[in-house]
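The sequence and the structure are shown first.

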Amino acid sequence: MNLIGQIEKVDDKYAQVRVYPDSSCGASCGSCGGCSYRDGRHITIKNDNYRVGQLLDIHVNSSQALMALIVSAGIIVFLLIAGYFIGSSLYSSSSETPGIVGSIVGLLIGFLIVKALEPVWQKIEYKVIPID
């Protein structure tokens with residue numbers, strides 16, 4: 001996966017890059033309003049003598065990114081389903097409410113676990129090539 005970014009802030013060790021949507025997602029989501037990142041999103045990379053305003057071509061290891069997505073989604077779906085069954089078995093009534101509450105709790109726990117794993121996902125390999 002290739003991303004185009006522009007350096008916005010630089011310090012001794014890191015550079016903050018605004019990454020824009022690329023052609024793989026249509027690159028015209030700004031016109032239809034379907035993309036939450038149409039104005040770009042920020043990532044932090046190691047500073048390799050970059051300067052503010054410099055354009056970069058960022059190559060992300062697609063297989064690692066896909067694995068992170070699959071693991072994250074798997075954790076969330078597993079805890080959603082497990083929460084339903086745990087809630088239903090703890091409060092065995094004729095109502096679906098315990099299962100629904102258990103699902104919501106499982107979903108929230110899943111989101112917290114995925115958020116806690118974010119530093120691991122940040123270590124996905126990438127290669128940065130200056131454009132200008």
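Which residues make up the largest nonpolar core? The core has 12 residues: Leu-3, Ile-7, Ala-15, Val-17, Val-19, Ile-45, Tyr-50, Leu-56, Ile-58, Val-60, Ala-68 and Ile-124. A nonpolar core is here a set of buried Ala, Val, Leu, Ile, Met, Phe, Trp, Tyr and Cys residues joined through side-chain atoms within 4.5 Å. Strand E1 (2–10), strand E2 (14–20) and strand E4 (55–60) each supply at least two residues of this core.

The model is predicted: local features need pLDDT of at least 70 and side-chain atom pairs count only at pLDDT 80 or more, whereas totals for chains, interfaces and linings use all residues. Residues are numbered from 1 along each chain as its sequence is written, and side-chain values use heavy atoms, with hydrogens and water left out.

**Overall architecture**

The protein contains four helices and five strands. Along the sequence they follow the pattern β-β-α-β-β-α-α-α-β. Of the 132 residues in the protein, 26% are buried. Buried denotes under 20% relative accessible area, exposed over 50%, and partly exposed the range in between, for a 1.4 Å probe and protein chains only. Among contacts (heavy atoms within 4.5 Å) with a separation of 6 or more, 68% join residues 24 or more positions apart.

Ile-45 lies in strand E3 (residues 41–46). With a relative accessible area of 2%, Ile-45 is buried. Neighbours within four places in sequence aside, Ile-45 is in contact with Lys-13, Tyr-14, Ala-15, Val-17, Tyr-50, Leu-56, Tyr-126 and Val-128. Ile-45 and Lys-13 are 32 residues apart in sequence, and their C-alpha atoms are 8.6 Å apart in space.

Ala-68 is one of the core residues and also one of the buried residues of helix H2. When residues up to four places away in sequence are not counted, Ala-68 touches Trp-121 and Ile-124.

**Helices H2 and H3**

In H2 the buried residues are Ala-68, Ser-72, Ile-75, Ile-76, Leu-79, Ala-82, Gly-83 and Gly-87. Their cover includes H3 and H4.

Ser-103 belongs to helix H3 and is buried, its relative accessible area being 13%. Leaving aside neighbours within four places in sequence, Ser-103 is in contact with Leu-80, Gly-83 and Tyr-84.

**Salt bridges and the aromatic pair**

A search of the whole structure finds two salt bridges, each defined as a side-chain nitrogen of Lys or Arg within 4 Å of a carboxyl oxygen of Asp or Glu.

| Salt bridge | Closest N and O atoms |
|---|---|
| Arg-18 with Glu-8 | 2.7 Å apart |
| Lys-115 with Glu-118 | 3.1 Å apart |

The pair of Arg-18 in strand E2 and Glu-8 in strand E1 links distant parts of the chain, 10 residues apart. Glu-8 is partly exposed at 34% relative accessibility. In the other pair, Lys-115 is exposed at 53%, whereas Glu-118 is partly exposed at 33%.

The rings of Tyr-84 and Phe-85 have centres 5.5 Å apart and planes at 80 degrees, so the pair is edge-to-face. Rings of Phe, Tyr and Trp (its six-membered ring) pair if their centres lie within 6.5 Å; planes under 30 degrees apart count as stacked, over 60 as edge-to-face and the rest as tilted. Tyr-84 is partly exposed at 26% relative accessibility, and Phe-85 is exposed at 54%.
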